[in-house]
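Trainee: Walk me through this chain, please. I want every label set against its cut-off.

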Amino acid sequence: MRRDDPTLPAEVPAGPDNPMGTRALYLGFTPYAIHGTNRPFAVGRRVSSGCLRLYVRDIEELFDRVTVGTTVAVVDEPIKLAWIGAELFMEAHPTQQQALALEAGKPSASQMTPAIAAKVKAVAKDEIDRIDWDSVKRIAAERRGIAARITGP
């Protein structure tokens, strides 16, 4: 950061004035970290230098739960599916290209693709008849990053 802006101080103590907030978990494979922020509007946006920003309450809870040496996997997967009990949930985020367009103020239309349908079918397996395809299409189009149930009765 100081290479880009030499006027930045060499150190900023943890606290409300620190862009990394009060807690940081260093990943060990890069200078990147999972940390809080004094700019909550930046959570979930592509405004950092690669770090993963969390709300203060979330990083404080995570920090207290994680031990040194915990394995971390950073996943770039815009469409996520998970069974929770007998229900299948789907979460959709913008692709990197869509996120860059959004940040530039040029939202691009997201839509259901054959690849998304194939992924849902592969995960649903024998429960494919329970899939609410209207929900799948809506989640794929909106890309809000919030998991929602896609199985019906």
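**Labels and cut-offs**

Mentor: Start with threonine 37, in the loop between β2 (33-35) and β3 (52-53). Strands are DSSP runs of E, at least two residues, and helices are runs of H or I, at least four, both numbered from the N terminus. This is a predicted model, where local features need pLDDT of at least 70 and side-chain atom pairs count only at pLDDT 80 or more, while totals for chains, interfaces and linings use all residues. Residues are numbered from 1 along each chain as its sequence is written, and side-chain values use heavy atoms, leaving out hydrogens and water.

Trainee: Why is threonine 37 called buried?

Mentor: Its relative accessible area is 5%. Buried means under 20%, exposed over 50%, and partly exposed in between, using a 1.4 Å probe and protein chains only. Threonine 37 at 5% is therefore buried.

Trainee: Which residues is threonine 37 in contact with?

Mentor: Leaving aside neighbours within four places in sequence, they are Pro19, Met20, Gly21, Val43, Arg53, Leu54 and Val56. Contact means heavy atoms within 4.5 Å.

Trainee: Why is lysine 125 called exposed?

Mentor: Lysine 125 has a relative accessible area of 61%, so it passes the exposed cut-off. This residue sits in the loop between α3 and α4.

Trainee: What is the phi of lysine 125?

Mentor: About 50 degrees, positive although lysine 125 is not a glycine. Most residues other than glycine have a negative phi. Arginine 143 also has a positive phi, near 50 degrees.

Trainee: Is arginine 143 buried or exposed?

Mentor: Buried, because its relative accessibility is 10%. Arginine 143 lies in the loop between α4 and β6 (148-149).

Trainee: What makes a set of residues a nonpolar core?

Mentor: The members are buried Ala, Val, Leu, Ile, Met, Phe, Trp, Tyr and Cys residues, joined through side-chain atoms within 4.5 Å. The largest such core here has 13 residues. Those with the most contacts inside it are Met90, Ile116, Val120, Ile131, Val136 and Ile150. At least two residues of this core come from each of β4 (79-84), β5 (87-92), α3 (114-124) and α4 (133-142). In soluble globular proteins, nonpolar side chains tend to be buried together.

Trainee: What radius of gyration does the chain have, against a compact globule?

Mentor: The chain has 19 Å, but a compact globule of 153 residues would have one near 15 Å. The radius is taken over C-alpha atoms, and the globule rule is 2.2 Å times the number of residues to the power 0.38. The C-alpha atoms fill a box of roughly 60 × 40 × 25 Å along the principal axes.

Trainee: What is the secondary structure of the chain?

Mentor: Four helices and six strands. Along the sequence, the pattern is β-β-β-α-β-β-α-α-α-β.
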